[in-house]
Amino acid sequence: MREVDVKLIADAVADLSKEANYFLGDDVDDALKQGLEQEESPVGKEVMNQLLENVRIARDEEVAICQDTGTAVLFVELGQEVRLVGGDFNEAINEGVRRGYDEGYLRKSIVKDPLERVNTGDNTPAVVHTEVMPGDKIKIILAPKGGGAENMSALKMLTPAQGVKGLVDFVVDTVSRAGPNPCPPIVVGVGFGGTFEKVAYLAKKALMRPLDQPNPNPFYADLEKEMLEKINKLGIGPQGFGGRSTALGVNIETYPCHIASMPAAVNINCHASRHAEKVI
Amino acid sequence: MEPKRIAPPLTDEDVMNLKAGDNVLISGVIYTARDAAHKRLVELLEKGEEWPVDLKGQLIYYVGPAPAKPGEVIGSAGPTTSGRMDSYTPAVLEYGVKGVIGKGARNEATRKAFQDYKAVYLAAIGGAGALLAKVIKEAEIVAYEELGPEAIRRLVVEDFPATVVNVAHGNDLYEEGRKQYALD
Ligand code: SF4
């Protein structure tokens, strides 16, 4: 067993909170540049230029790319040979978020109760997904998830008879209905299979995969391309002002499912598609 | 096309000079309010009570800024999704606010309210918070401090860029732009 002090987890989470909010990944930056090249609309081009300029300012000045610094969503892969010492694992993560959001001048966007809506003041609690894996390492991915794009997401329990067409139509319709709201150009995370709760998790997990890395299964890799083409024919364009660049990428994650079911979920992310990771 | 310059408070005439698709540069004072502040303001209207700040003729910016780093005026400050304010906006425009700045589509009733009350809906670039913070020269909380990022702030802006989406004439930039670029 390898002993790891949970303080290291808190430190990593604090660093990742800042890193993810200041520095957009190269894959997204490249996709924005490619989108700019392909954009036909003059207004769309202007928007893409401003988004790239925004990314540059955030990086150079170490400020938040977007004021909505999100819910802190964490994916933790915990090696089964790790023994955590020095305190409570979940509390360490929240301590990291608290510190990172405070030190990083990041916005506190969490309310304690969905109806009473009083801000918790420190952006906690985080939403944490932990998976136990072989090995003695801990991999932490932190993804600040903005509300605007999250709100346009959807889940549908499709039936097996609806087949691949049912899936494609659901994904394209969801993006079409979202229109200008989720700050296009967007990134589309698709979960397919599993159960009601698993499919939503897969859709969010899909957003963690770099945009230049297609699904390892060639069938789903092609489907990702097909969906992206369909979405970019919608005409929504950068910021919804009309144009070619509605989405920068579509990532699909799948899982086996029940003989009666074919769950699908679409988690929409904005162009500020942020995540950062660290291995302890 | 050269952007049009506007400086609040706005008159009916200022608004009627704008059309969907126009780029504008705003200079002067604008006020921030988003979900929680709107809820309170509209409750005051329902009770027939005064607002904590007089916003007649003014522009409301839907934003919950990130905190300012030391030495800075404000943190990242881009628009939030406007649709969540749809249920409040007709009452806010009836009160006399002349325009709002946000991002994303408005519902039918709200679009009609922009026509009825001669007001303008402007879109700022969603997710360009670091860039937009540069044109904000002063920021001060003027009401509801306890709401944190949702407090009402008075901002002084210089050449704040935005695009007209809906205005009194009834057109909608989102619909028109999308139609122009949709394939098959
Ligand atoms: S959708 Fe994304 S880019 Fe737009 S305001 Fe929300 S977090 Fe920022």
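This is a predicted model: local features need pLDDT of at least 70, side-chain atom pairs count only at pLDDT 80 or more; totals for chains, interfaces and linings use all residues.
**Interface between the chains**

The size of an interface is often given as the accessible area lost when the parts come together. Here chain B and chain A bury about 3200 Å² between them, and 58% of that area lies on carbon and sulfur atoms. On the side of chain B, the residues that lose the most area to chain A are B:Lys69, B:Arg178 and B:Tyr181, which together account for 22% of what that side buries. In terms of residues, 41 from chain A and 38 from chain B take part in the contact.

Polar contact between chain B and chain A involves 17 residue pairs, both members being at pLDDT 80 or more. By class, the side of chain B that touches chain A has 21 nonpolar, 10 polar and seven charged residues.

One salt bridge is counted between chain B and chain A. Its partners are B:Lys134 and A:Glu61, whose side chains meet with an N to O distance of 2.6 Å.

**Cavity and pocket**

The count of cavities of 30 Å³ or more comes to one.

| Space | Volume | Lining by class | Element giving the most to the lining |
|---|---|---|---|
| Largest cavity | about 40 Å³ | four nonpolar, three polar, three charged residues | strand E5 (residues 138-145) of chain A, three residues |
| Largest pocket | about 1200 Å³ | 17 nonpolar, 13 polar, 20 charged residues | H2(B), five residues |

Residues that line the largest cavity include A:Ala143, A:Pro144 and A:Lys145, together with A:Lys204, A:Leu207 and A:Met208. Also in this lining are A:Asn269, A:Ser273, A:Arg274 and A:His275.

The lining of the largest pocket comprises 50 residues. Those nearest the centre of the pocket are A:Ser109, A:Val111, A:Arg117, B:Arg34 and B:Glu150. At least two residues of the lining are supplied by each of strand E2 (71-79) and helix H5 (147-150) of chain A, and likewise by helix H2 (35-46) of chain B.

**Salt bridges and backbone features**

Over all chains, the count comes to 38 salt bridges. One of them joins A:Asp122 and A:Arg98, with the closest N and O atoms 2.8 Å apart. Because A:Asp122 lies in the loop between helix H4 (89-103) and strand E4 (127-133) of chain A, while A:Arg98 lies in helix H4 of chain A, the pair ties together parts that are 24 residues apart in sequence.

The loop between H4 and E4 of chain A also holds A:Pro125. A cis peptide bond with omega of about 0° joins A:Thr124 to A:Pro125. A:Tyr105 is found in the loop between H4 and E4 of chain A as well. Although A:Tyr105 is not a glycine, its phi is positive, at about 55°.

In chain B, the peptide bond from B:Pro8 to B:Pro9 is cis, with omega near 0°. B:Pro9 lies in the loop between strand E1 (4-6) and helix H1 (12-16) of chain B.

Key:
Residues are numbered from 1 along each chain as its sequence is written. Chains are lettered from A and ligands numbered from 1 in the order in which they are written. Side-chain values use heavy atoms; hydrogens and water are left out. Contact means heavy atoms within 4.5 Å. Buried area is the accessible area (1.4 Å probe) that two parts lose on being put together, summed over both. A salt bridge is a side-chain nitrogen of Lys or Arg within 4 Å of a carboxyl oxygen of Asp or Glu. A polar contact is a pair of N or O atoms within 3.5 Å; within protein, one must be able to donate a hydrogen and the other to accept it, and residues adjacent in sequence count only if both atoms are side-chain atoms. Ala, Val, Leu, Ile, Met, Phe, Trp, Tyr, Cys and Pro count as nonpolar, Asp, Glu, Lys and Arg as charged, and the others, Gly among them, as polar. On a 1 Å grid over the protein atoms alone, a cavity is a set of points where a 1.4 Å probe fits but cannot get out, and a pocket is an open set with protein on both sides within 12 Å along at least five of seven lines; lining residues have an atom within 4 Å of a point. Grid points are joined across faces, edges and corners, and a volume is the space filled by probe spheres set on the points.
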